Amino acid sequence: MKWKKFRLKTLATAEDIVAEALSEAGIEGVEIEDHVPLSENELKQMFVDIPLPAGQDDGTAYLDFYLDEDEDAGGILASVRERLENLRQYTQIGACTIEEGETEDADWINNWKKYFHKFKVDDILIIPSWEKMEDCDSAGMVLHIDPGTAFGTGMHETTQLCMRQLKKVVTPQTQLLDVGTGSGILSIVALKLGACHAVGTDLDPCAVDAVKDNLSANGVPESSMDMVLGNLIDDPKTQALVGYEKYDVVTANILADVLVALAPHIVPAMRHGGILIMSGILDEREKDVEQAARKAGLQIAEVTHQNEWVCVTAKKD
């Protein structure tokens with residue numbers, strides 16, 4: 001299969017917010033290229049192995065994204081440009097010119113692996129399936145992850161924020177709902193922390209195989225997690241399959257706009273006293289998500305931050 005490749009030029013300072021705009025327009029993933037030098041602290045992180053930026057930092061960044069040749073590229077690009085123009089009203093995002101090319105599956109499905117190496121999130125050691133443990137590796141938990149074409153390596157701040165919250169709330173009685181599960185990374189963390197069962201939902205069929213493979217790689221029984229393909233916001237069948245008043249903990253690491261729409265549809269699935277962990281939120285959208293959670297009948301229990309990203313944890317009385 002051939003894919004259309006698009007390269008968007010922006011500012012390094014705006015790459016996260018532009019990437020979020022692309023996601024909201026239906027782009028499932030982006031490759032980010034910039035020349036921002038690593039900080040002294042990043043250089044000291046032995047478990048993060050990423051290539052050093054080449055060339056002088058001129059403040060520019062490039063975001064590459066891909067569309068199936070059968071997708072409506074014109075419609076998606078129109079949505080992208082509309083969102084970028086809205087962003088331009090209140091922040092500097094650079095030229096945002098978009099160049100088009102073409103590529104094969106292997107060019108982008110596999111090449112990213114050279115940038116994904118083992119790393120730590122506190123005492124959790126995350127290792128991709130193509131690397132092995134070494135004698136010098138130590139951790140409270142070892143997590144073997146191969147996201148395939150599904151989202152979720154654990155490298156992003158939003159995933160790490162959710163993982164830290166799971167460590168606080170998971171018990172042996174925990175029934176977990178993981179909305180937008182992707183690779184299944186948050187569900188697998190919860191199960192390895194002792195949760196008794198997880199249900200993952202996703203819109204992407206690739207998530208089903210990714211979850212199955214990652215459960216196996218981590219020695220977690222396949223019966224410990226069920227998958228539901230569908231949209232919890234507007235699909236009654238998905239809502240019925242997920243169930244009602246069943247879950248002690250719900251994770252949703254998506255995007256602020258989706259979380260705002262999703263909150264009232266998650267609450268019916270939660271038990272009284274249940275915890276909702278929401279991330280994928282840029283700091284300027286924190287209040288929007290908090291307001292949506294309160295409107296859905298939840299109480300804000302904790303708000304945590306990592307760089308410009310936010311995790312909102314709420315409770316159902």
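User: Which strands does helix α5 lie across, and at about what angle does helix α5 run to β5?
Analyst: Helix α5 (residues 157-169) lies across β5 and β6, and runs at about 50 degrees to β5. Helices here are DSSP runs of H or I with at least four residues, strands are runs of E with at least two, and both are numbered from the N terminus. Angles go from 0 to 180 degrees between N-to-C directions, with axes as lines fitted to C-alpha atoms, for helices over the stretch in contact. This is a predicted model, where local features need pLDDT of at least 70, side-chain atom pairs count only at pLDDT 80 or more, and totals for chains, interfaces and linings use all residues. Residues are numbered from 1 along each chain as its sequence is written, and side-chain values use heavy atoms, leaving out hydrogens and water.

User: OK, what order do the strands have in the sheet with β5?
Analyst: The order is β5-β6-β7, an open sheet of three strands with mixed pairing. β5 (119-121) and β7 (141-145) are at the edges with a single partner strand each, so one side of each has no neighbour in the sheet. The twist averages 30 degrees from one strand to the next.

User: Do β6 and β7 run parallel or antiparallel?
Analyst: Parallel: five bridges join β6 (residues 124-128) to β7. Strands count as paired if DSSP finds at least two bridges between them. L125 stands opposite V142 in β7.

User: And which helix lies across β6 and β7?
Analyst: That's helix α6 (residues 185-192), running at about 150 degrees to β7.

User: Switching to β3. Is β3 mostly covered or uncovered?
Analyst: Mostly covered: eight of the nine residues in β3 (residues 60-68) are buried. Buried means under 20% relative accessible area, exposed means over 50%, and partly exposed is in between (1.4 Å probe, protein chains only).

User: How many bridges join β1 to β3?
Analyst: Nine, with β1 (residues 2-11) and β3 running antiparallel. The partner of F6 in β3 is F65. Strand β2 (residues 31-34) also runs antiparallel to β3, joined by four bridges, and E31 has D64 as its bridge partner in β3.

User: Last one, where is Q306 and what does Q306 touch?
Analyst: Q306 is in strand β13 (residues 298-306). Leaving out residues up to four places away in sequence, Q306 touches E157, Q160, L161 and R164. With a relative accessible area of 17%, Q306 is buried. L282 is 24 residues from Q306 along the chain, and their C-alpha atoms are separated by 10.0 Å.

How values were computed:
Contact = heavy atoms within 4.5 Å.
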